[in-house]
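Have the structure open while you read.

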Amino acid sequence: MSSEVLPIAGSKETWRVLWQEIRRLKMLSVVAAVVITGASAAGLVAPWALGVLVDDISGDADRSAVVRVVLLIGGAALLSGVLTAVGVTLVARVGETVLARIREQVVDRVLRLPAPALDKIRTGDLLSRVGDDVASVAAALTEIGPVLLSASLTIVLTGAGMFALDWRLGLAGLLATPMYLLALRWYLPRSAPFYRRERLAMGERSEAIITSLRGSATVRAYRLEEAQLERIGDRSAVARDLSLNVFKLFSTFSSRINHAEFVGLTAILVAGFYLVRADAVTVGATTAAALYFHRLFNPIGGLLMQFDQIQTAAAGLARLAGVLMLKPTEEALAGPAPADASVELTGVGHSYDDGPLVVDGVSLRIEPGERVALVGASGAGKTTLAAIAAGVLMPTAGVVRLGGVDIRELGEARTQQQVALLSQEVHVFSGPLLDDVRLAKASATVEEVEAALELVGALAWVRALPEGLESQVGENAHQLTGAQAQQVALARLVLADPAVAVLDEATAEAGSAGARELERASAAATAGRTTLVVAHRLTQAEQADRIVVLDHGRVVESGTHADLLAAGGRYSQLWHSWTGTGTAKEGASR
Ligand code: ADP
Ligand code: MG
(Lines give C-alpha, C1' and ligand atoms only; values in the text may rest on other atoms or scores of the structure.)
(Ligands and ions follow the chains in the order given, each with its own letter.)
Protein backbone atom coordinates (compact mmCIF):
# COMPACT_ATOMS: atom_id res chain seq x y z
CA MET A 1 0.00 0.00 0.00
CA SER A 2 2.32 2.75 -1.14
CA SER A 3 0.93 6.25 -1.30
CA GLU A 4 -0.25 7.42 -4.65
CA VAL A 5 -0.28 10.80 -6.29
CA LEU A 6 -3.72 11.92 -7.44
CA PRO A 7 -4.29 11.99 -11.19
CA ILE A 8 -3.82 15.15 -13.24
CA ALA A 9 -6.33 15.89 -15.99
CA GLY A 10 -5.35 16.49 -19.61
CA SER A 11 -6.21 19.81 -21.23
CA LYS A 12 -9.30 18.42 -22.93
CA GLU A 13 -10.72 17.07 -19.70
CA THR A 14 -9.80 20.30 -17.89
CA TRP A 15 -11.66 22.42 -20.43
CA ARG A 16 -14.63 20.10 -20.22
CA VAL A 17 -14.86 20.57 -16.46
CA LEU A 18 -14.46 24.35 -16.76
CA TRP A 19 -16.89 24.67 -19.63
CA GLN A 20 -19.50 22.53 -17.91
CA GLU A 21 -19.45 24.86 -14.90
CA ILE A 22 -19.50 28.02 -17.00
CA ARG A 23 -22.51 26.69 -18.89
CA ARG A 24 -24.38 26.27 -15.65
CA LEU A 25 -24.09 30.06 -15.27
CA LYS A 26 -25.26 30.70 -18.81
CA MET A 27 -27.14 33.96 -18.21
CA LEU A 28 -24.46 35.57 -16.08
CA SER A 29 -21.66 34.49 -18.43
CA VAL A 30 -23.44 35.79 -21.50
CA VAL A 31 -24.23 39.12 -19.84
CA ALA A 32 -20.61 39.42 -18.66
CA ALA A 33 -19.30 38.70 -22.15
CA VAL A 34 -21.70 41.20 -23.74
CA VAL A 35 -20.79 43.93 -21.27
CA ILE A 36 -17.04 43.40 -21.73
CA THR A 37 -17.52 43.38 -25.51
CA GLY A 38 -19.43 46.66 -25.20
CA ALA A 39 -16.60 48.14 -23.16
CA SER A 40 -14.03 47.12 -25.76
CA ALA A 41 -16.21 48.43 -28.58
CA ALA A 42 -16.66 51.77 -26.81
CA GLY A 43 -12.88 51.99 -26.73
CA LEU A 44 -12.83 51.92 -30.54
CA VAL A 45 -14.67 55.23 -30.78
CA ALA A 46 -11.85 57.58 -29.78
CA PRO A 47 -9.25 56.65 -32.43
CA TRP A 48 -11.92 56.56 -35.10
CA ALA A 49 -13.29 59.99 -34.05
CA LEU A 50 -9.79 61.43 -34.05
CA GLY A 51 -9.30 60.10 -37.57
CA VAL A 52 -12.52 61.80 -38.65
CA LEU A 53 -11.35 64.99 -36.99
CA VAL A 54 -8.07 64.89 -38.89
CA ASP A 55 -9.96 64.63 -42.15
CA ASP A 56 -12.40 67.37 -41.12
CA ILE A 57 -9.65 69.77 -40.23
CA SER A 58 -7.60 69.08 -43.35
CA GLY A 59 -10.86 69.88 -45.17
CA ASP A 60 -12.73 73.01 -44.17
CA ALA A 61 -14.56 72.19 -40.96
CA ASP A 62 -15.58 74.78 -38.39
CA ARG A 63 -14.96 74.75 -34.71
CA SER A 64 -18.14 72.86 -33.84
CA ALA A 65 -16.68 69.74 -35.47
CA VAL A 66 -13.92 69.75 -32.85
CA VAL A 67 -16.43 70.17 -30.02
CA ARG A 68 -18.55 67.31 -31.40
CA VAL A 69 -15.54 65.01 -31.52
CA VAL A 70 -14.44 65.97 -28.02
CA LEU A 71 -17.91 65.26 -26.65
CA LEU A 72 -18.06 61.97 -28.52
CA ILE A 73 -14.69 60.87 -27.20
CA GLY A 74 -15.59 61.94 -23.67
CA GLY A 75 -18.89 60.07 -23.79
CA ALA A 76 -17.28 56.95 -25.21
CA ALA A 77 -14.57 57.01 -22.54
CA LEU A 78 -17.17 57.32 -19.81
CA LEU A 79 -19.26 54.50 -21.26
CA SER A 80 -16.20 52.31 -21.68
CA GLY A 81 -15.17 52.94 -18.07
CA VAL A 82 -18.58 52.09 -16.66
CA LEU A 83 -18.96 48.99 -18.82
CA THR A 84 -15.46 47.81 -17.93
CA ALA A 85 -16.15 48.15 -14.21
CA VAL A 86 -19.43 46.26 -14.47
CA GLY A 87 -17.95 43.66 -16.82
CA VAL A 88 -14.93 42.96 -14.64
CA THR A 89 -17.20 42.49 -11.63
CA LEU A 90 -19.43 40.11 -13.55
CA VAL A 91 -16.52 38.07 -14.89
CA ALA A 92 -15.05 37.86 -11.39
CA ARG A 93 -18.38 36.64 -10.10
CA VAL A 94 -18.60 33.96 -12.78
CA GLY A 95 -15.01 32.97 -12.03
CA GLU A 96 -15.47 32.73 -8.27
CA THR A 97 -18.71 30.79 -8.58
CA VAL A 98 -17.21 28.34 -11.07
CA LEU A 99 -14.20 27.84 -8.85
CA ALA A 100 -16.29 27.37 -5.71
CA ARG A 101 -18.33 24.70 -7.45
CA ILE A 102 -15.27 22.89 -8.75
CA ARG A 103 -13.74 22.99 -5.29
CA GLU A 104 -16.95 21.63 -3.76
CA GLN A 105 -16.95 18.82 -6.27
CA VAL A 106 -13.33 18.00 -5.49
CA VAL A 107 -13.99 17.80 -1.76
CA ASP A 108 -17.20 15.87 -2.37
CA ARG A 109 -15.40 13.39 -4.59
CA VAL A 110 -12.62 12.88 -2.09
CA LEU A 111 -15.07 12.37 0.76
CA ARG A 112 -16.86 9.72 -1.26
CA LEU A 113 -13.73 7.76 -2.09
CA PRO A 114 -13.72 4.31 -0.56
CA ALA A 115 -11.74 4.39 2.67
CA PRO A 116 -8.93 2.14 1.40
CA ALA A 117 -8.38 4.44 -1.59
CA LEU A 118 -8.36 7.48 0.66
CA ASP A 119 -5.72 5.86 2.83
CA LYS A 120 -3.37 5.65 -0.12
CA ILE A 121 -3.59 9.30 -1.05
CA ARG A 122 -0.92 11.62 0.22
CA THR A 123 -2.56 14.14 2.46
CA GLY A 124 -0.11 16.84 1.36
CA ASP A 125 -1.02 16.33 -2.27
CA LEU A 126 -4.71 16.58 -1.50
CA LEU A 127 -4.34 19.64 0.71
CA SER A 128 -2.18 21.44 -1.81
CA ARG A 129 -4.88 20.84 -4.41
CA VAL A 130 -7.75 22.27 -2.43
CA GLY A 131 -5.41 24.97 -1.05
CA ASP A 132 -2.63 26.27 -3.29
CA ASP A 133 -4.15 25.13 -6.56
CA VAL A 134 -7.47 26.69 -5.78
CA ALA A 135 -5.67 29.89 -4.80
CA SER A 136 -3.75 30.07 -8.07
CA VAL A 137 -6.84 29.28 -10.11
CA ALA A 138 -8.82 31.82 -8.09
CA ALA A 139 -6.21 34.48 -8.81
CA ALA A 140 -6.41 33.56 -12.47
CA LEU A 141 -10.17 33.54 -12.73
CA THR A 142 -10.75 36.76 -10.83
CA GLU A 143 -7.66 38.83 -11.64
CA ILE A 144 -6.38 37.55 -14.96
CA GLY A 145 -9.77 36.37 -16.23
CA PRO A 146 -11.30 39.81 -16.81
CA VAL A 147 -8.01 41.17 -18.18
CA LEU A 148 -7.65 38.17 -20.43
CA LEU A 149 -11.19 38.44 -21.72
CA SER A 150 -11.19 42.18 -22.28
CA ALA A 151 -7.69 42.13 -23.77
CA SER A 152 -8.64 39.36 -26.21
CA LEU A 153 -11.83 41.13 -27.17
CA THR A 154 -10.01 44.44 -27.56
CA ILE A 155 -7.42 42.80 -29.76
CA VAL A 156 -10.04 41.15 -31.97
CA LEU A 157 -12.28 44.21 -32.20
CA THR A 158 -9.44 46.64 -32.78
CA GLY A 159 -7.94 44.35 -35.42
CA ALA A 160 -11.34 44.23 -37.10
CA GLY A 161 -11.53 48.03 -36.83
CA MET A 162 -8.20 48.41 -38.62
CA PHE A 163 -9.37 46.14 -41.41
CA ALA A 164 -12.60 48.08 -41.62
CA LEU A 165 -10.66 51.32 -42.12
CA ASP A 166 -8.66 49.77 -44.91
CA TRP A 167 -7.63 46.16 -45.42
CA ARG A 168 -4.14 47.18 -46.50
CA LEU A 169 -3.61 49.07 -43.24
CA GLY A 170 -4.88 46.02 -41.40
CA LEU A 171 -2.40 43.77 -43.16
CA ALA A 172 0.43 46.15 -42.34
CA GLY A 173 -0.47 45.93 -38.66
CA LEU A 174 -0.53 42.12 -38.84
CA LEU A 175 3.18 42.21 -39.69
CA ALA A 176 3.83 42.54 -35.98
CA THR A 177 2.18 39.21 -35.15
CA PRO A 178 5.11 36.91 -35.97
CA MET A 179 7.41 39.12 -33.92
CA TYR A 180 5.13 38.89 -30.92
CA LEU A 181 4.99 35.13 -31.27
CA LEU A 182 8.76 34.89 -31.56
CA ALA A 183 9.19 36.98 -28.43
CA LEU A 184 6.82 34.69 -26.55
CA ARG A 185 8.50 31.58 -27.86
CA TRP A 186 11.83 32.93 -26.70
CA TYR A 187 10.54 33.93 -23.28
CA LEU A 188 8.29 31.13 -22.07
CA PRO A 189 10.69 28.20 -21.94
CA ARG A 190 13.26 30.41 -20.19
CA SER A 191 11.01 32.07 -17.67
CA ALA A 192 9.14 29.11 -16.16
CA PRO A 193 12.22 27.34 -14.74
CA PHE A 194 13.58 30.68 -13.53
CA TYR A 195 10.41 31.51 -11.66
CA ARG A 196 10.35 28.05 -10.16
CA ARG A 197 13.95 28.37 -9.01
CA GLU A 198 13.25 31.85 -7.69
CA ARG A 199 10.34 30.56 -5.58
CA LEU A 200 12.48 27.68 -4.32
CA ALA A 201 15.36 29.98 -3.43
CA MET A 202 13.03 32.33 -1.57
CA GLY A 203 11.62 29.36 0.32
CA GLU A 204 15.11 28.26 1.31
CA ARG A 205 16.03 31.75 2.41
CA SER A 206 12.98 31.93 4.69
CA GLU A 207 13.74 28.47 5.95
CA ALA A 208 17.30 29.45 6.87
CA ILE A 209 16.06 32.54 8.73
CA ILE A 210 13.27 30.74 10.54
CA THR A 211 15.37 27.79 11.70
CA SER A 212 18.04 30.15 13.04
CA LEU A 213 15.42 32.12 14.94
CA ARG A 214 13.68 29.05 16.33
CA GLY A 215 16.95 27.50 17.36
CA SER A 216 18.45 30.76 18.58
CA ALA A 217 19.24 29.29 22.00
CA THR A 218 21.20 26.45 20.43
CA VAL A 219 22.86 28.82 17.99
CA ARG A 220 24.09 30.94 20.88
CA ALA A 221 25.06 28.03 23.08
CA TYR A 222 27.32 26.60 20.40
CA ARG A 223 28.46 30.01 19.13
CA LEU A 224 27.06 29.27 15.70
CA GLU A 225 26.08 32.89 15.04
CA GLU A 226 28.69 33.44 12.35
CA ALA A 227 27.94 30.19 10.59
CA GLN A 228 24.20 30.81 10.67
CA LEU A 229 24.56 34.36 9.41
CA GLU A 230 26.77 33.11 6.65
CA ARG A 231 24.20 30.49 5.72
CA ILE A 232 21.43 33.10 5.60
CA GLY A 233 23.75 35.38 3.62
CA ASP A 234 24.44 32.66 1.07
CA ARG A 235 20.78 31.81 0.63
CA SER A 236 19.86 35.48 0.32
CA ALA A 237 22.53 36.00 -2.30
CA VAL A 238 21.22 33.09 -4.33
CA ALA A 239 17.66 34.42 -4.13
CA ARG A 240 18.81 37.94 -5.02
CA ASP A 241 20.84 36.79 -8.02
CA LEU A 242 17.95 34.75 -9.31
CA SER A 243 15.59 37.71 -8.94
CA LEU A 244 18.03 39.86 -10.88
CA ASN A 245 18.28 37.24 -13.57
CA VAL A 246 14.53 37.02 -13.79
CA PHE A 247 14.38 40.76 -14.14
CA LYS A 248 17.02 40.77 -16.88
CA LEU A 249 15.06 38.14 -18.73
CA PHE A 250 11.93 40.19 -18.36
CA SER A 251 13.62 43.34 -19.65
CA THR A 252 14.86 41.51 -22.72
CA PHE A 253 11.37 40.17 -23.28
CA SER A 254 9.91 43.68 -22.96
CA SER A 255 12.36 45.03 -25.48
CA ARG A 256 11.42 42.27 -27.91
CA ILE A 257 7.80 43.26 -27.50
CA ASN A 258 8.78 46.88 -28.16
CA HIS A 259 10.48 45.76 -31.37
CA ALA A 260 7.28 44.08 -32.47
CA GLU A 261 5.32 47.24 -31.71
CA PHE A 262 7.84 49.31 -33.60
CA VAL A 263 7.66 47.09 -36.66
CA GLY A 264 3.84 47.09 -36.68
CA LEU A 265 3.48 50.84 -36.22
CA THR A 266 6.14 51.61 -38.82
CA ALA A 267 4.48 49.29 -41.30
CA ILE A 268 1.15 51.04 -40.84
CA LEU A 269 2.64 54.51 -41.20
CA VAL A 270 4.70 53.59 -44.27
CA ALA A 271 1.75 51.80 -45.89
CA GLY A 272 -0.46 54.76 -44.95
CA PHE A 273 1.98 57.19 -46.56
CA TYR A 274 1.89 55.39 -49.89
CA LEU A 275 -1.87 54.81 -49.73
CA VAL A 276 -2.55 58.47 -49.02
CA ARG A 277 -0.23 59.47 -51.84
CA ALA A 278 -2.13 57.14 -54.16
CA ASP A 279 -5.37 58.68 -52.84
CA ALA A 280 -6.53 55.23 -51.69
CA VAL A 281 -7.15 56.26 -48.06
CA THR A 282 -7.47 59.54 -46.19
CA VAL A 283 -4.95 60.92 -43.72
CA GLY A 284 -7.65 60.52 -41.07
CA ALA A 285 -8.03 56.79 -41.74
CA THR A 286 -4.27 56.29 -41.49
CA THR A 287 -4.25 58.27 -38.24
CA ALA A 288 -7.04 56.14 -36.87
CA ALA A 289 -5.27 52.92 -37.91
CA ALA A 290 -2.06 54.03 -36.22
CA LEU A 291 -3.99 54.95 -33.08
CA TYR A 292 -5.79 51.61 -33.16
CA PHE A 293 -2.52 49.81 -33.35
CA HIS A 294 -1.10 51.89 -30.53
CA ARG A 295 -4.17 50.98 -28.54
CA LEU A 296 -3.19 47.32 -28.83
CA PHE A 297 0.12 47.81 -27.00
CA ASN A 298 -1.35 47.49 -23.53
CA PRO A 299 -3.66 44.52 -24.01
CA ILE A 300 -1.11 42.53 -26.01
CA GLY A 301 1.68 43.37 -23.60
CA GLY A 302 -0.59 42.50 -20.68
CA LEU A 303 -1.53 39.17 -22.19
CA LEU A 304 2.05 38.23 -22.94
CA MET A 305 3.36 39.31 -19.56
CA GLN A 306 0.71 37.32 -17.72
CA PHE A 307 1.30 34.21 -19.73
CA ASP A 308 3.25 32.64 -16.86
CA GLN A 309 0.42 33.16 -14.46
CA ILE A 310 -2.06 31.83 -16.99
CA GLN A 311 0.07 28.71 -17.33
CA THR A 312 0.31 28.28 -13.56
CA ALA A 313 -3.44 28.63 -13.24
CA ALA A 314 -4.03 26.15 -16.04
CA ALA A 315 -1.77 23.66 -14.26
CA GLY A 316 -3.70 24.19 -11.02
CA LEU A 317 -6.99 23.69 -12.79
CA ALA A 318 -5.71 20.49 -14.38
CA ARG A 319 -4.81 19.18 -10.93
CA LEU A 320 -8.27 20.02 -9.61
CA ALA A 321 -9.96 18.42 -12.60
CA GLY A 322 -7.74 15.39 -12.04
CA VAL A 323 -9.40 14.71 -8.71
CA LEU A 324 -12.77 14.80 -10.44
CA MET A 325 -11.60 12.00 -12.72
CA LEU A 326 -11.40 9.61 -9.77
CA LYS A 327 -14.18 7.09 -9.83
CA PRO A 328 -17.00 8.00 -7.51
CA THR A 329 -18.43 5.17 -5.47
CA GLU A 330 -22.08 5.80 -6.00
CA GLU A 331 -22.88 2.16 -6.27
CA ALA A 332 -26.54 1.48 -5.82
CA LEU A 333 -27.83 -0.74 -3.08
CA ALA A 334 -27.49 -3.73 -5.35
CA GLY A 335 -26.43 -7.22 -4.43
CA PRO A 336 -27.32 -9.23 -1.37
CA ALA A 337 -28.59 -7.50 1.78
CA PRO A 338 -27.34 -8.52 5.23
CA ALA A 339 -29.60 -11.25 6.64
CA ASP A 340 -29.24 -10.19 10.28
CA ALA A 341 -27.18 -8.01 12.61
CA SER A 342 -24.33 -10.47 13.09
CA VAL A 343 -20.66 -9.71 12.52
CA GLU A 344 -18.27 -12.48 11.59
CA LEU A 345 -14.52 -12.25 11.12
CA THR A 346 -12.79 -15.29 9.68
CA GLY A 347 -9.01 -15.62 9.70
CA VAL A 348 -8.61 -11.87 9.59
CA GLY A 349 -5.10 -10.45 9.37
CA HIS A 350 -3.77 -7.02 8.68
CA SER A 351 -0.48 -5.27 8.10
CA TYR A 352 0.11 -1.61 7.32
CA ASP A 353 2.36 -0.80 4.38
CA ASP A 354 3.89 -4.27 4.09
CA GLY A 355 4.89 -4.03 7.76
CA PRO A 356 4.44 -6.76 10.34
CA LEU A 357 1.03 -8.28 10.98
CA VAL A 358 -0.67 -6.13 13.62
CA VAL A 359 -3.80 -8.28 13.48
CA ASP A 360 -3.10 -11.94 13.00
CA GLY A 361 -5.53 -14.78 12.35
CA VAL A 362 -8.50 -13.38 14.23
CA SER A 363 -11.75 -15.33 13.94
CA LEU A 364 -14.67 -13.92 15.87
CA ARG A 365 -18.42 -14.10 15.57
CA ILE A 366 -20.65 -11.56 17.28
CA GLU A 367 -24.30 -12.63 17.44
CA PRO A 368 -27.08 -10.17 16.64
CA GLY A 369 -27.59 -7.93 19.66
CA GLU A 370 -24.53 -9.26 21.46
CA ARG A 371 -22.17 -6.87 23.22
CA VAL A 372 -18.50 -7.79 22.96
CA ALA A 373 -15.70 -5.90 24.66
CA LEU A 374 -12.25 -5.86 23.14
CA VAL A 375 -9.42 -5.39 25.64
CA GLY A 376 -5.67 -5.48 25.42
CA ALA A 377 -2.53 -3.45 25.92
CA SER A 378 -1.66 -0.42 23.87
CA GLY A 379 -0.57 -1.44 20.39
CA ALA A 380 -2.32 -4.81 20.65
CA GLY A 381 -4.27 -4.00 17.47
CA LYS A 382 -7.65 -3.05 18.97
CA THR A 383 -8.17 0.07 16.87
CA THR A 384 -7.13 -1.78 13.74
CA LEU A 385 -9.48 -4.67 14.44
CA ALA A 386 -12.35 -2.29 15.25
CA ALA A 387 -11.90 -0.49 11.92
CA ILE A 388 -11.85 -3.84 10.12
CA ALA A 389 -15.02 -5.03 11.84
CA ALA A 390 -16.70 -1.75 10.90
CA GLY A 391 -15.79 -2.22 7.23
CA VAL A 392 -13.74 0.97 7.24
CA LEU A 393 -10.42 -0.80 6.78
CA MET A 394 -9.99 -3.69 4.35
CA PRO A 395 -7.98 -6.44 6.03
CA THR A 396 -5.02 -7.82 4.13
CA ALA A 397 -6.17 -11.36 4.91
CA GLY A 398 -9.40 -13.13 5.81
CA VAL A 399 -13.06 -12.34 5.37
CA VAL A 400 -15.44 -9.98 7.14
CA ARG A 401 -19.15 -10.82 6.94
CA LEU A 402 -22.00 -8.59 8.01
CA GLY A 403 -25.27 -10.45 8.35
CA GLY A 404 -23.66 -13.36 6.52
CA VAL A 405 -22.56 -11.31 3.49
CA ASP A 406 -18.91 -10.70 2.64
CA ILE A 407 -18.46 -6.92 2.86
CA ARG A 408 -16.65 -6.93 -0.47
CA GLU A 409 -19.96 -8.00 -2.02
CA LEU A 410 -22.02 -5.83 0.26
CA GLY A 411 -20.57 -2.63 -1.13
CA GLU A 412 -19.74 0.64 0.56
CA ALA A 413 -23.28 2.03 0.77
CA ARG A 414 -24.87 -1.03 2.37
CA THR A 415 -21.93 -1.42 4.74
CA GLN A 416 -22.35 2.17 5.90
CA GLN A 417 -26.02 1.55 6.45
CA GLN A 418 -25.38 -1.59 8.46
CA VAL A 419 -22.53 -0.52 10.71
CA ALA A 420 -21.28 2.69 12.31
CA LEU A 421 -17.83 3.26 13.73
CA LEU A 422 -17.26 5.70 16.54
CA SER A 423 -13.56 6.34 16.35
CA GLN A 424 -11.11 7.24 19.05
CA GLU A 425 -10.90 10.85 18.00
CA VAL A 426 -14.37 12.28 17.62
CA HIS A 427 -14.58 15.44 15.60
CA VAL A 428 -16.85 18.38 16.17
CA PHE A 429 -17.76 20.03 12.88
CA SER A 430 -18.00 23.81 12.82
CA GLY A 431 -21.50 25.17 12.59
CA PRO A 432 -24.74 24.97 14.53
CA LEU A 433 -24.84 22.02 16.92
CA LEU A 434 -28.09 20.89 15.30
CA ASP A 435 -26.37 20.43 11.94
CA ASP A 436 -23.50 18.60 13.58
CA VAL A 437 -25.83 15.95 15.00
CA ARG A 438 -27.83 15.85 11.78
CA LEU A 439 -24.76 14.84 9.80
CA ALA A 440 -25.82 11.28 10.48
CA LYS A 441 -29.28 11.79 9.05
CA ALA A 442 -29.95 14.97 7.13
CA SER A 443 -33.70 14.45 7.21
CA ALA A 444 -33.92 14.23 11.01
CA THR A 445 -36.42 16.61 12.62
CA VAL A 446 -35.53 18.80 15.58
CA GLU A 447 -37.61 16.49 17.77
CA GLU A 448 -35.62 13.45 16.61
CA VAL A 449 -32.34 15.27 17.27
CA GLU A 450 -33.53 16.24 20.74
CA ALA A 451 -34.63 12.70 21.47
CA ALA A 452 -31.20 11.40 20.43
CA LEU A 453 -29.46 13.97 22.62
CA GLU A 454 -31.76 13.11 25.50
CA LEU A 455 -30.96 9.41 25.17
CA VAL A 456 -27.24 10.08 25.57
CA GLY A 457 -27.84 12.52 28.42
CA ALA A 458 -26.77 15.62 26.49
CA LEU A 459 -30.04 17.49 26.14
CA ALA A 460 -29.67 19.29 29.48
CA TRP A 461 -26.36 20.96 28.68
CA VAL A 462 -27.40 21.60 25.08
CA ARG A 463 -30.50 23.46 26.29
CA ALA A 464 -28.30 25.43 28.67
CA LEU A 465 -26.18 26.77 25.77
CA PRO A 466 -26.91 30.41 24.89
CA GLU A 467 -28.73 29.46 21.71
CA GLY A 468 -29.55 25.86 22.48
CA LEU A 469 -29.42 23.58 19.45
CA GLU A 470 -28.64 26.52 17.21
CA SER A 471 -25.44 27.39 19.09
CA GLN A 472 -22.37 27.57 16.95
CA VAL A 473 -19.81 24.95 17.94
CA GLY A 474 -16.38 23.99 16.69
CA GLU A 475 -13.07 25.63 16.20
CA ASN A 476 -13.87 29.33 16.38
CA ALA A 477 -17.09 29.06 18.32
CA HIS A 478 -18.26 27.36 21.51
CA GLN A 479 -15.73 24.65 22.34
CA LEU A 480 -17.26 21.40 23.50
CA THR A 481 -15.46 19.39 26.16
CA GLY A 482 -14.13 15.98 25.20
CA ALA A 483 -17.03 14.27 26.94
CA GLN A 484 -19.58 16.53 25.27
CA ALA A 485 -18.06 15.83 21.86
CA GLN A 486 -18.36 12.11 22.60
CA GLN A 487 -22.00 12.55 23.51
CA VAL A 488 -22.67 14.40 20.26
CA ALA A 489 -20.98 11.56 18.39
CA LEU A 490 -23.16 9.06 20.24
CA ALA A 491 -26.27 11.08 19.39
CA ARG A 492 -25.23 10.89 15.74
CA LEU A 493 -24.99 7.14 16.09
CA VAL A 494 -28.51 7.02 17.52
CA LEU A 495 -29.84 9.00 14.55
CA ALA A 496 -27.95 6.87 12.02
CA ASP A 497 -29.53 3.85 13.72
CA PRO A 498 -27.21 1.13 12.40
CA ALA A 499 -27.76 -2.51 13.31
CA VAL A 500 -24.12 -2.82 14.31
CA ALA A 501 -22.10 -0.32 16.35
CA VAL A 502 -18.34 -0.39 16.74
CA LEU A 503 -16.99 1.90 19.46
CA ASP A 504 -13.31 2.69 19.74
CA GLU A 505 -13.59 4.94 22.73
CA ALA A 506 -11.11 7.47 23.88
CA THR A 507 -9.21 6.79 27.05
CA ALA A 508 -10.93 8.60 29.90
CA GLU A 509 -9.74 8.81 33.44
CA ALA A 510 -11.07 5.78 35.23
CA GLY A 511 -13.56 6.45 37.93
CA SER A 512 -14.23 10.04 36.97
CA ALA A 513 -17.82 11.19 36.98
CA GLY A 514 -17.55 12.10 33.30
CA ALA A 515 -16.38 8.59 32.46
CA ARG A 516 -19.33 6.96 34.24
CA GLU A 517 -21.75 9.28 32.50
CA LEU A 518 -20.21 8.48 29.13
CA GLU A 519 -20.46 4.78 29.87
CA ARG A 520 -24.16 5.21 30.52
CA ALA A 521 -24.53 7.23 27.33
CA SER A 522 -22.76 4.67 25.19
CA ALA A 523 -24.75 1.83 26.73
CA ALA A 524 -27.98 3.67 25.95
CA ALA A 525 -26.91 4.54 22.41
CA THR A 526 -25.93 0.97 21.61
CA ALA A 527 -28.81 -0.78 23.37
CA GLY A 528 -30.34 -3.38 21.06
CA ARG A 529 -27.48 -3.15 18.57
CA THR A 530 -24.75 -5.67 17.92
CA THR A 531 -21.87 -3.91 19.61
CA LEU A 532 -18.12 -4.24 19.57
CA VAL A 533 -16.58 -1.86 22.07
CA VAL A 534 -12.89 -1.27 22.63
CA ALA A 535 -12.96 -1.04 26.40
CA HIS A 536 -10.39 1.11 28.12
CA ARG A 537 -12.06 1.00 31.50
CA LEU A 538 -12.54 -2.57 32.51
CA THR A 539 -15.87 -1.76 34.18
CA GLN A 540 -17.09 -1.48 30.61
CA ALA A 541 -15.75 -4.92 29.85
CA GLU A 542 -17.41 -6.27 32.94
CA GLN A 543 -20.81 -5.26 31.60
CA ALA A 544 -20.30 -6.86 28.19
CA ASP A 545 -21.79 -10.22 27.22
CA ARG A 546 -18.38 -11.43 26.23
CA ILE A 547 -14.82 -10.20 26.48
CA VAL A 548 -12.15 -10.80 23.85
CA VAL A 549 -8.56 -10.22 24.89
CA LEU A 550 -6.17 -9.19 22.17
CA ASP A 551 -2.42 -9.44 22.46
CA HIS A 552 0.02 -8.69 19.67
CA GLY A 553 -2.81 -8.93 17.17
CA ARG A 554 -4.01 -12.33 18.32
CA VAL A 555 -7.05 -13.35 20.36
CA VAL A 556 -5.57 -14.88 23.49
CA GLU A 557 -8.71 -15.22 25.60
CA SER A 558 -12.45 -15.03 25.16
CA GLY A 559 -15.35 -15.45 27.55
CA THR A 560 -17.52 -13.74 30.13
CA HIS A 561 -16.05 -11.61 32.87
CA ALA A 562 -16.63 -14.33 35.44
CA ASP A 563 -15.17 -17.09 33.25
CA LEU A 564 -12.05 -15.13 32.47
CA LEU A 565 -11.50 -14.11 36.08
CA ALA A 566 -11.85 -17.72 37.12
CA ALA A 567 -9.43 -18.83 34.42
CA GLY A 568 -6.80 -16.57 35.95
CA GLY A 569 -5.18 -15.67 32.64
CA ARG A 570 -4.30 -12.42 30.90
CA TYR A 571 -7.67 -10.78 31.59
CA SER A 572 -7.56 -11.60 35.24
CA GLN A 573 -4.12 -9.99 35.44
CA LEU A 574 -5.42 -6.89 33.70
CA TRP A 575 -8.43 -6.80 35.99
CA HIS A 576 -6.47 -7.13 39.17
CA SER A 577 -3.95 -4.51 38.25
CA TRP A 578 -6.77 -2.21 37.16
CA THR A 579 -8.93 -2.57 40.24
CA GLY A 580 -6.07 -3.19 42.64
CA THR A 581 -4.70 0.33 42.50
CA GLY A 582 -7.99 1.97 41.82
CA THR A 583 -6.49 4.65 39.59
CA ALA A 584 -4.25 2.42 37.51
CA LYS A 585 -4.44 3.10 33.86
CA GLU A 586 -2.17 0.21 33.09
CA GLY A 587 -3.88 -2.62 31.36
CA ALA A 588 -6.50 -0.29 30.09
CA SER A 589 -5.03 1.61 27.24
CA ARG A 590 -5.58 3.58 24.17
P1 ADP B 1 -4.37 -0.36 19.79
O2 ADP B 1 -5.61 0.33 19.37
O3 ADP B 1 -4.63 -1.68 20.47
O4 ADP B 1 -3.47 0.48 20.59
P5 ADP B 1 -3.63 -0.19 17.04
O6 ADP B 1 -4.56 -1.00 16.22
O7 ADP B 1 -3.83 1.26 17.07
O8 ADP B 1 -3.56 -0.80 18.50
O9 ADP B 1 -2.16 -0.47 16.52
C10 ADP B 1 -1.62 -1.76 16.34
C11 ADP B 1 -0.26 -1.65 15.69
O12 ADP B 1 -0.38 -1.15 14.39
C13 ADP B 1 0.67 -0.70 16.43
O14 ADP B 1 1.96 -1.27 16.41
C15 ADP B 1 0.66 0.54 15.61
O16 ADP B 1 1.89 1.19 15.67
C17 ADP B 1 0.39 0.01 14.21
N18 ADP B 1 -0.41 0.97 13.42
C19 ADP B 1 -1.62 1.45 13.75
N20 ADP B 1 -2.09 2.26 12.78
C21 ADP B 1 -1.14 2.29 11.82
C22 ADP B 1 -1.04 2.95 10.54
N23 ADP B 1 -2.01 3.74 10.07
N24 ADP B 1 0.08 2.73 9.84
C25 ADP B 1 1.06 1.93 10.29
N26 ADP B 1 1.02 1.30 11.45
C27 ADP B 1 -0.06 1.45 12.23
MG1 MG C 1 -6.37 2.21 19.83
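## Before we start

A quick word on naming: strands are DSSP runs of E at least two residues long, numbered from the N terminus. Keep in mind that this is a predicted model.

## The sheet

Let's start with the strands. There are 4 of them in an open sheet, running in the order β2-β1-β4-β5, with antiparallel pairing. At the edges sit β2 (357-366) and β5 (405-406), each of which pairs on one side only. In general, strands of a sheet pair through backbone hydrogen bonds, in a parallel or antiparallel fashion.

How many bridges join β4 to β5? The answer is 2, linking β5 to strand β4 (residues 397-402), and the two run antiparallel. If you want to find one partner pair, look at Leu402, whose bridge partner in β5 is Val405.

## Two aspartates in a loop

Now for the loop between β1 and β2, which is where you'll find Asp353 and also Asp354. Most residues other than glycine have a negative phi. Asp353, though, has a positive phi, near 45°, and Asp354 is not a glycine either, yet its phi is positive at about 60°.

Are these side by side entries buried or exposed? Exposed means over 50% relative accessible area. Asp353 has 52% relative accessibility, so it counts as exposed. Asp354 has 71%, so it counts as exposed too.

Methods:
Residues are numbered from 1 along each chain as its sequence is written. Chains are lettered from A and ligands numbered from 1 in the order in which they are written. This is a predicted model: local features need pLDDT of at least 70, side-chain atom pairs count only at pLDDT 80 or more; totals for chains, interfaces and linings use all residues. Side-chain values use heavy atoms; hydrogens and water are left out. Two strands pair if DSSP finds at least two bridges between them. Buried means under 20% relative accessible area, exposed over 50%, partly exposed in between (1.4 Å probe, protein chains only).
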